[in-house]
Amino acid sequence: LSALEERPVAEALPDFAVKSAEETTTSPLLEQRSWIDEAFAGDDPVAMLARLRSGGHIEAAETLESKSPTSVFAALRHVRAAAGMSLAEVLERDLRVGMRLFASGEMQEGIRAQVVDKDRNPRWSPPRLDEVDPSVIERLTA
C-alpha cells in the first residue's frame, strides 16, 4: 500500500508481479494478448470498435456497443490518465468521475434496464459511440 501511495500505479505494480508474461506458460488471456493490445490501443473507442469488427472479434465489439457510449469514453479516458497517478489520486478521481456519470443519468438508465424493468434495453444518450460529444467527456473526467 505504501508503494501505491508514494508512486504512480504504473511504476508500483511491477513490484508485485509474481511472474512475468514470459514465465507464464498458459493463460487464455495471454494467448489473446496480441489482438487485444492491437484492438484496444489508443484513446478512441470508435477506432477500437472498428478494429474489433475488422479483426473478426464480433462478440467483443457487440459487448462494447452494448455499454453506455458516454461511460465507455469516460472510463477509457479515466483509465489512461490513472496510469500516471498514485492510488489516492486514482481513488479521488474515481469518486469524482463516478458522481458525474451518476448525475448524467447514464448510470440510472443502466440500472433501470438491468435491474428495475429488466428489459435489457437501455436507452443511452447518445445511443452510439460515434455520437458522443467530446466536450461532455471533458466535463465528466476533468
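Student: Is Glu-92 buried or exposed?

Tutor: Glu-92 counts as exposed, because its relative accessibility is 52% and the cut-off for exposed is over 50%. Keep in mind that this is a predicted model.

Student: Which side chain does Glu-92 meet in a salt bridge?

Tutor: That would be Arg-96, with an N to O distance of 3.5 Å. Both residues belong to helix 8, four residues apart, or about one turn of the helix.

Student: And how accessible is Arg-96?

Tutor: Arg-96 has a relative accessible area of 29%, so it is partly exposed.

Student: Why would two side chains pair up like that?

Tutor: In general, side chains of opposite charge can pair when their charged atoms come close.

Student: How many salt bridges does a search of the whole structure find?

Tutor: Ten. One of them is in helix 4 (residues 33-39), where Arg-33 and Asp-37 sit four residues apart, about one turn of the helix. The closest N and O atoms of Arg-33 and Asp-37 are 3.0 Å apart.

Student: Where do Arg-33 and Asp-37 fall on the accessibility scale?

Tutor: Arg-33 is partly exposed at 44% relative accessibility, and Asp-37 is partly exposed too, with a relative accessible area of 42%.

Student: What about helix 9? How far apart are N and O in the salt bridge of Arg-112 and Glu-109?

Tutor: The distance there is 2.6 Å. Arg-112 and Glu-109 are three residues apart in helix 9, so about one helical turn separates them.

Student: Are those two buried or exposed?

Tutor: Arg-112 is buried, with a relative accessible area of 13%. Glu-109 counts as buried as well, because its relative accessibility is 13% and buried means under 20%.

Student: Which residues are linked with them in a network of salt bridges?

Tutor: Asp-117 and Asp-119 are linked with Glu-109 and Arg-112 in that network.

Student: Okay, switching to the greasy side. Which residues form the nonpolar patch on the surface?

Tutor: The patch is made of Phe-102, Met-107, Ile-111, Val-115 and Val-116, and together they have about 450 Å² of accessible area.

Student: Which helix gives the most to the patch?

Tutor: Helix 9 does, with four residues. Phe-102, on the other hand, lies in helix 8 (residues 87-104). Phe-102 has a relative accessible area of 39%, which means it is partly exposed.

Student: Where is Arg-128 found?

Tutor: Look in the loop between helix 9 (106-116) and helix 10 (134-141). Arg-128 is partly exposed, with a relative accessible area of 45%.

Student: What does the Arg-128 side chain make a polar contact with?

Tutor: With the side chain of Asp-130, at 2.3 Å.

Student: Last one, Thr-141. Which helix is Thr-141 in?

Tutor: Thr-141 has its place in helix 10. At 3% relative accessibility, Thr-141 counts as buried.

Student: What does Thr-141 touch, not counting residues up to four places away in sequence?

Tutor: With those left out, Thr-141 touches Ala-74, Arg-77, Arg-93, Val-97 and Arg-100.

Definitions and conventions
Residues are numbered from 1 along each chain as its sequence is written. This is a predicted model: local features need pLDDT of at least 70, side-chain atom pairs count only at pLDDT 80 or more; totals for chains, interfaces and linings use all residues. Side-chain values use heavy atoms; hydrogens and water are left out. Helices (H or I, at least four residues) and strands (E, at least two) are DSSP runs, numbered from the N terminus. Buried means under 20% relative accessible area, exposed over 50%, partly exposed in between (1.4 Å probe, protein chains only). A polar contact is a pair of N or O atoms within 3.5 Å; within protein, one must be able to donate a hydrogen and the other to accept it, and residues adjacent in sequence count only if both atoms are side-chain atoms. Patches are made of residues with over 30% relative accessible area and no salt bridge: like charges are joined within 9 Å, nonpolar side chains (Val, Leu, Ile, Met, Phe, Trp, Tyr) within 5 Å. Accessible areas come from the Shrake-Rupley method with a 1.4 Å probe; for residues, only the protein chains shown count as cover. Contact means heavy atoms within 4.5 Å.
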